[in-house]
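Subject: Structure handover

Hello,

Here is the structure we spoke about handing over. Please look through it alongside the notes below.

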Amino acid sequence: MSSEPLLRVENLKTQFFTEAGTVRAVDGISFDVYEGEIVGLVGESGAGKSVASMSIMGLVENPGEIVAGEITYKGETLFGLEEGPDGELREREDALSSEEIRTRIRGNEIAVIFQDPMESLNPVFTVGGQLREFIELNRGLPEDEARAEAIDMLREVGIPDPEQRYEEYPHQFSGGMRQRVLIAMALACEPSLIIADEPTTALDVTVEGQILDLVDDLQEKYGTSFIWVTHDLGVVAEICDRVNVMYLGEIVEQAPVDELFYDTKHPYTDALLDSIPRPDRTVTELEAIEGVMPEAIDPPSGCRFHPRCPDAREVCKRVHPDAKTVADADGEPHRAACVKHDTFDVDYEGSSPLKGRVETADSGRTADAGSELAANPAGDESGGEGRE
Ligand SMILES: Nc1ncnc2c1ncn2[C@@H]1O[C@H](COP(=O)(O)OP(=O)(O)OP(=O)(O)O)[C@@H](O)[C@H]1O
Ligand code: NI
């Protein structure tokens, strides 16, 4: 791992100013992505993973705004604030303009893959035509070269008979094949970083596994870095090198992937791990996280996870923990935001355990929500009964 990260996100805060109040969607997160590594952003629905991704891409839309922090990519400032002469915060002068980010960074340097390929592919044009046009526009290649390149890319991402499939329309492709096309598109400009926002969530597990294998291979071949957004720690285990666990806009644990799994330091990560379906356990035996995640408009006092945390004590209601290094992971810091670790020095041991914690910020919804995360990891509407 080289000393300078490819991407550095420091104390990033992104908020939405809505009629109901200020949504603190991303609330002071910091993480790095080094060259050639796959970094996970994991957490339940609403944790702020997508907003964090959009912030990096400079794609936060009204009523949203990045209100604090710094984003640095290859030594250039994508976002940064400074105090102006009038004492007001303003965008730093050395920060790239939105025009520069659009033309020079997005697509060419940092590409995105979204969950739903049908939103990114135009149904009325052939798959090959769209890929070819994208390559023509972004790499300035003449049409015939771009066509050859597009076919090569389709082959590269494992589309069989690429010459023939080139002429087909998106609806003629399966979900997994469409996702492969999007990966081809993301790779087409040879970006240094790809942000993948739950690209395999809608796929069945077999196809998901194939896509993850493909990404692993391509990552090795091209040396591309990835930010992999998912709610699924199983996916994290399969492809990530390092992981950031998000809860209500914050990163509550950050560690190399093996450390995270074998020396878990945050009760929320523990709960997420317990809710992963495993072959040796059936769904009914899964331990679920109690309650649902509260709203980012009015987060709980102290530690935001305390209303659902099995380890919560009185002190957790009062003290808001910022992530600190709580262990050394082969020379890399293992960070956690939980006061049960001695580093925090707030007399957790002397504090009395919270009882009857099941009521949360909105107790009306918690009655049967105990198994929500475990039974329904995709957050879809189908319910989780019978899921393996
Ligand atoms: N345009 C918007 N206006 C108001 N609030 C928003 C907007 N977009 C996102 N939010 C809020 O920001 C918070 C974080 O949302 P985000 O989409 O980043 O979550 P996520 O972790 O990506 O969840 P999921 O797994 O469901 O995709 C949520 O509380 C969400 O309601
Ligand atoms: Ni999302």
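Overall

Please keep in mind that this is a predicted model. The protein comes to 13 helices and 13 strands. Of its 388 residues, 40% are buried. Among contacts with a separation of 6 or more, 65% are between residues 24 or more positions apart.

One open sheet has eight strands in the order 7-8-9-3-10-11-13-12, and its pairing is mixed. Strand 7 (110-113) and strand 12 are at the edges with a single partner strand each, so one side of each has no neighbour in the sheet. On average, and ignoring direction, neighbouring strands here are turned by 20 degrees against each other.

Within this sheet, strand 10 and strand 11 run antiparallel and are joined by six bridges. One of the bridge pairs is Val245 with Glu253, the latter in strand 11. Helix 1 packs on the sheet, where it touches strand 3 (38-42), strand 7, strand 8 (193-197), strand 9 (225-230) and strand 10. The direction of helix 1 makes about 150 degrees with that of strand 8.

At the other end of the strand order, strand 12 (residues 324-329) pairs with strand 13 (residues 332-336) in the antiparallel sense, over five bridges. Asp328 has Pro333 of strand 13 as its bridge partner. The two strands form a hairpin with two residues between them, and Asp330 in that hairpin takes a positive phi near 50 degrees.

Strand 1 and strand 2 run antiparallel and are joined by nine bridges. Leu12 has Ile29 in strand 2 as its bridge partner.

Helices

Why is helix 1 largely enclosed by the rest of the structure? Seven of its nine residues are buried, so the remainder of the protein encloses most of helix 1. The buried residues are Lys49, Val51, Ala52, Ser53, Met54, Ser55 and Ile56. Just after helix 1, Gly58 takes a positive phi of about 70 degrees.

In helix 11 (residues 267-274), the buried residues are Pro267, Tyr268, Thr269, Ala271 and Leu272. Their cover includes helix 9 (233-239), strand 10 (242-247), strand 11 (250-256) and helix 10 (257-262).

Asp152 lies in helix 5 (residues 143-156). Is Asp152 buried or partly exposed? Asp152 has 13 C-beta neighbours inside 10 Å and therefore counts as partly exposed; a buried residue would need 20 or more. Asp152 is 29 residues from Pro123 in sequence, and the two are 22 Å apart in space, C-alpha to C-alpha.

Nonpolar core

The largest nonpolar core has 95 residues, and those with the most contacts inside it are Leu131, Ala184, Trp228 and Val252. Helix 7 (residues 175-188) gives this core its largest share, nine residues. Leaving out residues up to four places away in sequence, Val252 touches Val245, Tyr247, His266, Tyr268, Phe305, Ala323, Ala336 and Ala337.

Ligand 1

Which residues are closest to ligand 1? The closest are Ala25, Ser45, Lys49, Ser50 and Val51, out of 16 that surround ligand 1. Strand 1 (7-18), strand 2 (21-33) and helix 1 (49-57) each supply at least two residues of the shell. Helix 1 provides the largest share, three residues. By type, the shell around ligand 1 divides into six nonpolar residues, nine polar and one charged.

Regards

Conventions: Residues are numbered from 1 along each chain as its sequence is written. Chains are lettered from A and ligands numbered from 1 in the order in which they are written. This is a predicted model: local features need pLDDT of at least 70, side-chain atom pairs count only at pLDDT 80 or more; totals for chains, interfaces and linings use all residues. Two strands pair if DSSP finds at least two bridges between them. Helices (H or I, at least four residues) and strands (E, at least two) are DSSP runs, numbered from the N terminus. A residue is near a molecule or strand if its C-beta atom, placed from the backbone, lies within 6 Å of it. Ala, Val, Leu, Ile, Met, Phe, Trp, Tyr, Cys and Pro count as nonpolar, Asp, Glu, Lys and Arg as charged, and the others, Gly among them, as polar. A residue is buried if 20 or more other C-beta atoms lie within 10 Å of its own, exposed if 12 or fewer, and partly exposed in between; C-beta atoms are placed from the backbone. Two residues are in contact if their C-beta atoms, placed from the backbone, lie within 7 Å. A nonpolar core is a set of buried Ala, Val, Leu, Ile, Met, Phe, Trp, Tyr and Cys residues joined through C-beta atoms within 7 Å. Axes are lines fitted to C-alpha atoms, for helices over the stretch in contact, and angles run from 0 to 180 degrees between N-to-C directions.
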